[in-house]
Every structure is written in structure tokens, then in C-alpha cells.
Amino acid sequence: MLLPQVLSFREFRAGLAATLKRVQEPDAEPVFVGAHRRPEAVVMSVAHYRCLREAAERREAVDEALASVRLEGLEPSPEGLRMFGAVAAGTMTTDEMREQILARYRR
């Protein structure tokens, strides 16, 4: 991972409007702000923040589900782990996972 460019607080204050516009662009990276070029704060769009929160919540839910399964003395199959990983990554919904599991046992 590349180190982020860090705006000084002076640069941030002087270019506040431009910075806010910049983080609203599609696929915009967050802007780091700090004294002496050390990152102390991050500015990002609300959409970017929501995506990060949703990803963290998905990972947390998957971790809790796996812990629950393992607490029962069970270990998911490699296919089950793949599906859990897909849910955590956001490439599969829990409903899609449920359907795939049910379809597997309806055979």
C-alpha cells in the first residue's frame, strides 16, 4: 500500500471547497490531513464511509456466524468457507448463500 498524500491543516483550510468536491468524485480516494505531514484525520464522501461500514458489518456478521458454528463443534466445509468469504466480501448475499446451501441438500 502506498503512503497517502497528507495535506497540512493550512492547505486543507485553504482548499476546503476543492477538497470536499474532490472526495465526491466517483472512485475518489480519501484525503488525509495532519500536522507535519503525519496523517491525523481523513476526509471522505459519505458514500465511501457507508461502503466501509457495510463491509465491516458484513465481516463482523460472518465472524460471528463462523464462531457460532465452531462453538457447536462443527467446521464448515471448504465450500461453506468459500460462501462465507463471498458474503464477507459482498459478492454474495446471505439469501443467496442460504439458497445455495438449501439447494445442495435438496438433491
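Colleague: How many helices and strands are there in the protein chain?
Modeller: The model, which is predicted, has 5 helices and 3 strands in the protein chain.

Colleague: What pattern does the chain follow along the sequence?
Modeller: The order is β-α-α-β-β-α-α-α.

Colleague: Is the chain spread out or a compact globule?
Modeller: The protein chain is more spread out than a compact globule, because its radius of gyration is 20 Å, well over the 13 Å that the globule rule gives for 107 residues.

Colleague: What box do the C-alpha atoms fill?
Modeller: Roughly 65 × 25 × 20 Å, taken along the principal axes.

Colleague: Now the helix pairs. How is the packing of two helices described?
Modeller: By the angle between the two axes and the distance between them.

Colleague: Then what are the values for helix 3 and helix 4?
Modeller: The axis of helix 3 (residues 46-71) comes within 7 Å of the axis of helix 4, and the two cross at roughly 155°. Angles over 145 degrees count as roughly antiparallel, so helix 3 and helix 4 are roughly antiparallel to each other.

Colleague: Which residues make that contact?
Modeller: Helix 3 contributes Ala55, Arg58, Arg59, Val62, Ala65, Leu66 and Arg70. From helix 4 come Leu81, Phe84, Val87, Ala88 and Ala89. By class, this contact of helix 3 with helix 4 has 9 nonpolar, no polar and 3 charged residues.

Colleague: And how do helix 4 and helix 5 cross?
Modeller: The axes of helix 4 (residues 78-89) and helix 5 (residues 94-106) come within 9 Å, with a crossing angle of roughly 165°. Helix 4 and helix 5 are therefore roughly antiparallel to each other, and the crossing is right-handed.

Colleague: Which residues are in contact there?
Modeller: On helix 4, Glu79, Gly80, Arg82, Met83, Phe84 and Val87. On helix 5, Thr94, Met97, Gln100, Ile101 and Arg104. The contact of helix 4 with helix 5 divides into 5 nonpolar, 3 polar and 3 charged residues.

Key. Residues are numbered from 1 along each chain as its sequence is written. This is a predicted model: local features need pLDDT of at least 70, side-chain atom pairs count only at pLDDT 80 or more; totals for chains, interfaces and linings use all residues. Side-chain values use heavy atoms; hydrogens and water are left out. Axes are lines fitted to C-alpha atoms, for helices over the stretch in contact, and angles run from 0 to 180 degrees between N-to-C directions. Helices (H or I, at least four residues) and strands (E, at least two) are DSSP runs, numbered from the N terminus. Angles under 35 degrees count as roughly parallel, over 145 as roughly antiparallel, 65 to 115 as roughly perpendicular and the rest as oblique. A crossing is left-handed if the near helix is turned anticlockwise from the far one by less than a right angle, and right-handed if clockwise. Contact means heavy atoms within 4.5 Å. Ala, Val, Leu, Ile, Met, Phe, Trp, Tyr, Cys and Pro count as nonpolar, Asp, Glu, Lys and Arg as charged, and the others, Gly among them, as polar. The radius of gyration is taken over C-alpha atoms; the globule rule is 2.2 Å times the number of residues to the power 0.38.
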